[in-house]
Amino acid sequence: MDNRHDLNVILSSRVAIILVETLDEKRFLGMLLELSSGGFGGRKKPMFRWSVTEGLRRIDLDMAAQSHNTDPTGILKHILAVDAPGIYALLDFHPYLDDPVNIRLLKDIAVESDDGARKVVLVSHELKMPPDLERLSARFEIALPDDNERASIVTDVVREWNAENPGRVKVDPHAEDLLIRNLAGLTRADTARLAHGAIFADGAIAASDLPNVMKAKYELLNRHGALSFEYETVRLSDVGGLRNLKRWLEQRRAALSGNVAGLEPPKGLMLIGVQGCGKSLAAKAAAGILNVPLLRLDFGALYNKFHGETERNLRESLQQAEVMSPCVLWIDEMEKGLATDSGDSGLSRRVLGTFLTWMSEKKRSVFVVATANNISLLPPELVRKGRFDEIFFVDLPDMKTRETIIQIHLQNRGSEINTFDLATLADTTEGFSGAEIEQGILSAMYTVNANNTGLTTDSLLAEFERTKPLSVVMREQIEELRYWAAERTVPAD
Ligand SMILES: Nc1ncnc2c1ncn2[C@@H]1O[C@H](COP(=O)(O)OP(=O)(O)O)[C@@H](O)[C@H]1O
Ligand SMILES: [Mg+2]
């Protein structure tokens, strides 16, 4: 079920240096030993492993380590000097690749062993090679476990629990299927570790295990900084209005998890609109509605943290999101990450290109939720028909939605809503964004707290009347935004 055939092909070739980046060292050495003692290219070969602590040890025959051989340069000189076939697995040699002497020695081995008899296999979690040596080497990657293999790993863990405990693991078959699917993209060892964690915690495989498994999985994968796991999602009931959007999302929940025959998983949506009206809030709620984890991609970090490697890191982040699928990938204020006038010699265009190509080709259930405030910074090709499944316009809340928003924020802060005149409050907050309503409620609470009085409709009204909403100052921009949105978007509410 793995790709040992590929490894066999490399071993049978003339290439003398083989590079293997893996976290599953034990498994890889097992594969290598099996192939070397089974004989590839027609001949069995002696196999050695080397580490800086143990020195060189022959492992196809059970021989003691030669501890005098712990010096990294010494071992390369030794390999270069021996005139016999053999496979040398050098474990964690990567720190010594900084030494030009070692690089030269590896090159000598590569050039002088072109009959294919001597192989040096570098095995580390990460191997950065100088380009000239890279060209003389072959890379091999162990395939990650497939569906069947993951299923059998989970079964093994269940057996292990059953053997050690009275009773049997309580298995919810649907949750088990999801568990097996959600463990995709991890090594065997990590798959077993996460399955072990889920099953041994309570002797059961249940839907409630999945969020923790996804968090643990994310932590294993997250070696880069542009993608983050949002632990805090938002309940649907925390979002006022946006009824169209909510309904639209609910209709796509099943398809995103790949459970609807004949329907492709939805690609994603874009939320454009007035600042403070719940775009970011709705993006977080989308993950809850769709019942999948929420990942956030920070385009800004992509440029700042990875100077000169922006596109590669975007690709890696997108790949990582695919490994976490099904999930929501949230890109907040995307236009800021794609500003076209920053004199960055076409970088933002290439980043956009990379993103759009991925969007159109992706097969995995990664549902993109992008938000944008500023249409003048938005590249037209991003909002062209067919890029996203839908573009929603989030406008200032209407009377009814303002009432709901006031209710949500009063309730969230422990007020008894029956004592407030919600209709009057909603009427007074015409032109307010959701954020301004929330802010007004907070300010009023500070005031009454300082005055040692209770929060009332009147104290709220006083606060709201003092507030000049942004929509007054920005009337023209909002009109322009509405005009732009009229022919390109559908209303979110
Ligand atoms: N429709 C809404 N329902 C409930 N709260 C809202 C709504 N719109 C805005 N808010 C409040 O204002 C805050 C800021 O809104 P946000 O989603 O960041 O706006 P945007 O991303 O559109 O600029 C939210 O965290 C929430 O507390
Ligand atoms: Mg926002």
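In which loop is the place of Asp 92?

A: The model is a predicted one. Asp 92 sits in the loop that runs between strand β4 (86-91) and helix α4 (100-112). Its phi is near 50°, a positive value in a residue that is not glycine. For comparison, most residues other than glycine have a negative phi, and most peptide bonds are trans. Asp 92 counts as partly exposed because 15 other C-beta atoms lie within 10 Å, and the partly exposed class falls between the limits of 12 or fewer for exposed and 20 or more for buried.

Asn 291 has a positive phi of about 65° and is not a glycine. Its place is the loop between α12 and β11 (294-297). With 14 C-beta neighbours inside 10 Å, Asn 291 is also classed as partly exposed.

Ser 325 and Pro 326 are joined by a cis peptide bond, with omega about 0°. Pro 326 lies in the loop between α14 (310-323) and β12 (327-331).

A buried strand residue gives a contrast. Val 369 belongs to strand β13 (residues 366-372). Val 369 is buried because 28 other C-beta atoms lie within 10 Å. Leaving out residues up to four places away in sequence, Val 369 touches Gly 268, Leu 269, Leu 271, Ala 283, Ala 286, Val 328 and Trp 330. Val 369 and Leu 329 are 40 residues apart in sequence, yet their C-alpha atoms are 6.1 Å apart.

Helix α12 (279-290) also bears on ligand 1: α12, α17 (399-412) and α19 (434-450) each supply at least two residues of the ligand's shell. In total 17 residues surround ligand 1, and the closest are Gly 278, Lys 279, Ser 280, Leu 281 and Gly 434. By class the shell has 7 nonpolar, 8 polar and 2 charged residues. At least three shell residues come from each of domain 3 (229-394) and domain 4 (399-473).

As for the whole protein, the domain assignment also gives domain 1 (4-140) and domain 2 (147-221). The centres of domain 1 and domain 3, taken over C-alpha atoms, are 44 Å apart. The protein contains 22 helices and 15 strands. Its radius of gyration is 29 Å, whereas a compact globule of 493 residues would have one near 23 Å. Buried residues make up 34% of the 493 residues.

Terms used:
Residues numbered from 1 in each chain as written. Chains lettered and ligands numbered in written order. Predicted model: local features only at pLDDT ≥ 70, side-chain atom pairs only at ≥ 80, totals over all residues. Near = placed C-beta within 6 Å. Helix = DSSP H or I, 4+ residues; strand = E, 2+ residues; numbered from the N terminus. Nonpolar A, V, L, I, M, F, W, Y, C, P; charged D, E, K, R; others polar. Domains from an automatic or database assignment. Rg over C-alpha atoms; globule rule 2.2 N^0.38 Å. Contact = placed C-beta atoms within 7 Å.
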